[in-house]
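Notebook open, structure loaded. I wanted to look up a few side chains and helices and jot down what turned up.

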Amino acid sequence: MDEFTTRWHLRLMAAQRDLIDACGGIPRVMEKTGYSKGQVGRWNGGIDRDLMPINVALVLERDCHRPIVTAIMAEFNGRSLSDDEDAGAAVDNLPEQVAHLVEEAGHLVVETVKAKADGVVTDAEATRLRGISRKIATITADIDHTLAGVQAHEPLKVVRG
């Protein structure tokens with residue numbers, strides 16, 4: 001077994017930051033987990049960073065349908081993950097995913113029009129637009145993941161590296 005080095009620690013920290021982003025950011029994770037803004041912020045980055053409890057990582061991974069932290073833990077143990085849904089089950093989720101994509105794209109259009117209404121896009125408006133854009137990117141990645149699973153026709157399994 002590899003030694004748990006700073007490199008692995010930093011990879012886990014980056015994975016949990018990605019997981020928080022994939023779940024909609026700090027406010028959404030606070031809502032989902034019941035943890036405070038300060039605690040979720042420490043999981044997300046900054047100077048005083050903490051590793052999130054494993055049960056929180058599992059709940060968030062289930063919420064966003066992406067084993068982001070789990071994949072790093074599997075890799076540490078010389079394993080990797082493959083898709084866990086069969087093709088039929090994966091496609092069942094596709095209409096919901098596409099509807100969510102359309103909803104967020106519409107939200108981006110509305111917020112862009114609002115931001116441009118006075119002819120100037122402020123830092124706060126740009127931050128809001130980027131947040132919506134990141135949500136769209138996550139949804140698009142999820143759709144791609146679903147479709148790739150259909151093409152692969154392989155169930156999830158932990159495999160030796």
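I started with Glu61, whose side chain reaches the backbone nitrogen of Val69 at 2.7 Å. A caveat for myself: this is a predicted model.

Next I checked where Glu61 sits, and found it in helix α4, residues 54-64. Is Glu61 buried or exposed? I found it buried, yet with no salt bridge. The nearest side chain of opposite charge belongs to Arg62, and that is 9.2 Å away. A salt bridge needs the charged atoms within 4 Å.

Then I listed what Glu61 touches, leaving out residues up to four places away in sequence: Leu19, Arg66, Pro67, Ile68, Val69 and Thr70.

I followed Leu19 into α1, where I noted it as one of the buried residues. Others there include Trp8, Leu12, Met13, Gln16 and Ile20. I also checked the length of α1 (residues 6-22): at 1.5 Å a residue its 17 residues should span 24 Å, and the end C-alpha atoms are 24 Å apart, so the two agree. Just after α1, Gly24 takes a positive phi of about 105°.

On to α3, residues 37-44. Which of its residues are buried? I got Gln39, Val40, Trp43 and Asn44. Looking down the axis of α3, I saw these buried residues fall within an arc of 140°, so they line one face of the helix. Their cover includes α1, α2 (26-33) and α4. Last entry: just after α3, Gly45 has a positive phi of about 150°.

Key. Residues are numbered from 1 along each chain as its sequence is written. This is a predicted model: local features need pLDDT of at least 70, side-chain atom pairs count only at pLDDT 80 or more; totals for chains, interfaces and linings use all residues. Side-chain values use heavy atoms; hydrogens and water are left out. Helices (H or I, at least four residues) and strands (E, at least two) are DSSP runs, numbered from the N terminus. Buried means under 20% relative accessible area, exposed over 50%, partly exposed in between (1.4 Å probe, protein chains only). Lys and Arg count as positive and Asp and Glu as negative; His and the chain ends are not counted. A polar contact is a pair of N or O atoms within 3.5 Å; within protein, one must be able to donate a hydrogen and the other to accept it, and residues adjacent in sequence count only if both atoms are side-chain atoms. Contact means heavy atoms within 4.5 Å. The expected span of a helix is 1.5 Å times one less than its number of residues. The arc is that of the directions from the helix axis to the C-beta atoms.
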